[in-house]
Amino acid sequence: MDSSLKLQILNLLEENSRLSHEDIASMLGVDPAEVTRWIKEMEQDKIILRYSTVINWDKVDTHKVTAVIDVKVTPQREVGFDAIAERIYRFPEVKSVSLMSGAYDLQVVIEGMHLKEVANFVAEKLSTIEHVNSTTTHFLLKTYKSNGVIFDDHEDDQRLVITP
Amino acid sequence: MKSLYDRLSPVVRDIPPSGIRRFFDLANQMEDVISLGVGEPDFVTPWHVREACFYSLERGYTTYTSNKGLPELREAIADYLCSFQLAYDPEELVVTVGGSEAIDLAMRTLLCPGDEVLIPEPAYVSYNPCTTLAGGVPVGVPTFAEDEFRLTPENLRKRITPRSKVLILCYPSNPTGAVMSKADLQAIADVVLEHDLFVISDEIYAELTYDGHHASIASLPGMKERTVLISGMSKAFAMTGWRIGYAAAPPEILNLMLKIHQYTILCAPIMGQKAALEALRHGHAEKDKMIDRYNQRRRMIVKGFREIGLACHEPKGAFYAFPDIRSTGLSSEEFAERLLHHSRVAVVPGNVFGQGGEGFVRCSYATSIEQIQKAIERIGNFVRSLGGIK
């Protein structure tokens, strides 16, 4: 019961982090104090890391550039990929780092204000790290869907206002 | 000489137009209306189902199917019905154009002129006119908020006459959200057997049962032989526009229903049938997600009504709340109309669902949590503007 309630709370928050504890409690038919207790516990356990917003940056005039970089590295004795991954994810411009199976080892997503900034990061910071063997940079041109949200304006309710 | 109108069918002329028509026109002309008046899911049909339909079109599936429907679809429906403890052979099934066609087929097959049809009210708006169109006489059986709008054997017995032939059941109920437990249904089945009635059991909302599992009257001893079970894809799988329903009945009844179907409709559209097959084969995870959402909204809306001072029984199925508005001193129609003008929230007046619906309004929670919250806030303001609860 508890783990199912935790999951339900997480699902609701992932979809809308602005829901109040009272709203979550009404939706799940439980006591608000219980919801508050679980959320606090999950924050302490680092299950809930942050409450964030999905933004369609394409609609905002920011000229941000996002690049997805495939990185091949040589794993190190004892620490494997972890130490090099840490060296990379510490850079503030790095949005995410994931260990991948397949053609390359680490997928690094970085965000810069312009192309040159991304190019400098790859050339001067990423490629020069010891054990980084190669990088392939892809620029992200347009986002259609992110975090389960479709970036489309045509989601109107098509139904009649009243039906039997 | 008679006017054109006077020469038309008196049966059809005498059927009153839908009680919500005027209301519908009003609501449609207004801007910024939050609608709780909609009797269909707010989800779009799951993508994989739509995609399966495209694929079937690409493959050139654009033909008639057998009158009964695609054999593989009927097999899938028969398998699906097993989950409700219902054992039907695919040959005992006909795929129809929505559950609505199945209701019409059942009525026309079961009724002789003058036969009475027992309709627990408040009831879905089609049962009365469909009875009349089939030559029958609708007889309302009241159900009450105190019984959570469940049909009781006592109230049913009171309306049975020697002409009673068919009992319609619609549980989970549109408009009240009531459900019947297996024990409730057994008590009704005893009366049905005693009086040798047929049952048309409209179970279109079966999946939307929130506490426990849906029970079908056809699963009780002696009932399958006298029941036409009706369901479809519309509500559970968010497929209202596809118009795919089905009826399950003993061969004697089904074969006659099939005659009407083949001479009027011929068969349900193949595209819809292909989509329905995909939904039944692979759509259960998406369906369960949608049901979870409805359940969350259900709790929210009931709590909301109670907090603003409107009594509301807990609907245990479908996606409607049926709050009691008698405490405001307004009739259902006055309440709905003034609410629309004052606060721009559309609800359906309970009286359009017949006896026992007066004093209530039907509110669909097949809409987002945000809309439900806004609607409750607006309804609260409206109730306060009346000087509160009288």
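Is B:Thr176 buried or exposed? B:Thr176 has 1% relative accessibility, so it counts as buried. Buried means under 20% relative accessible area, exposed means over 50%, and partly exposed lies in between (1.4 Å probe, protein chains only).

This is a predicted model, where local features need pLDDT of at least 70, side-chain atom pairs count only at pLDDT 80 or more, and totals for chains, interfaces and linings use all residues. Residues are numbered from 1 along each chain as its sequence is written, chains are lettered from A in the order in which they are written, and side-chain values use heavy atoms, without hydrogens and water. The model scores ipTM 0.83 and pTM 0.92. Chain B averages a pLDDT of 96. That score is the predictor's confidence in each residue, from 0 to 100.

**Around B:Thr176**

B:Thr176 lies in the loop between β5 (164-170) and α8 (182-194) of chain B. Helices (H or I, at least four residues) and strands (E, at least two) are DSSP runs, numbered from the N terminus. B:Thr176 touches B:Pro122, B:Phe149, B:His313, B:Pro315, B:Tyr320 and B:Phe322, not counting residues up to four places away in sequence. Contact means heavy atoms within 4.5 Å. A polar atom of the B:Thr176 side chain also lies 3.2 Å from the backbone nitrogen of B:Ala178.

**Helix α2 of chain B**

This helix spans residues 21-29, and its buried residues are B:Phe23, B:Phe24, B:Leu26 and B:Ala27. Seen down the axis of α2(B), they fall within an arc of 165°, so they line one face of the helix. The arc is that of the directions from the helix axis to the C-beta atoms. Their cover includes α12 (332-343), β10 (345-346) and β11 (348-349) of chain B.

**Where the chains meet**

The contact takes 32 residues from chain B and 15 residues from chain A. About 1800 Å² is buried between the two chains, and carbon and sulfur atoms give 56% of it. B:Phe24, B:Gln296 and B:Arg299 supply 25% of the area that chain B buries against chain A, more than any other three residues. Buried area is the accessible area (1.4 Å probe) that two parts lose on being put together, summed over both.

Between chain B and chain A, the count is 1 salt bridge. B:Arg293 forms a salt bridge with A:Glu15. On chain B, α2, α11 (284-307) and α13 (369-385) each supply at least two residues of the side that touches chain A. The most comes from α11(B), with 6 residues.

**Salt bridges**

A salt bridge is a side-chain nitrogen of Lys or Arg within 4 Å of a carboxyl oxygen of Asp or Glu. The structure holds 25 salt bridges over all chains. The table lists some of them.

| Pair | N to O distance |
|---|---|
| B:Arg293 and A:Glu15 | 3.2 Å |
| A:Glu93 and A:Lys125 | 3.4 Å |
| A:Glu111 and A:Lys95 | 4.0 Å |
| B:Arg150 and B:Asp184 | 3.2 Å |

Which parts does the pair B:Arg150 and B:Asp184 tie together? B:Arg150 lies in the loop between β4 (137-142) and α7 (153-159) of chain B and B:Asp184 in helix α8 of chain B, so the pair ties together parts that are 34 residues apart in sequence. B:Arg150 is partly exposed at 28% relative accessibility, whereas B:Asp184 is buried at 19%.

In chain A, A:Lys64, A:Lys95 and A:Glu111 are linked in a network of salt bridges. A:Lys95 is exposed, with a relative accessible area of 54%.

Technical notes
A polar contact is a pair of N or O atoms within 3.5 Å; within protein, one must be able to donate a hydrogen and the other to accept it, and residues adjacent in sequence count only if both atoms are side-chain atoms.
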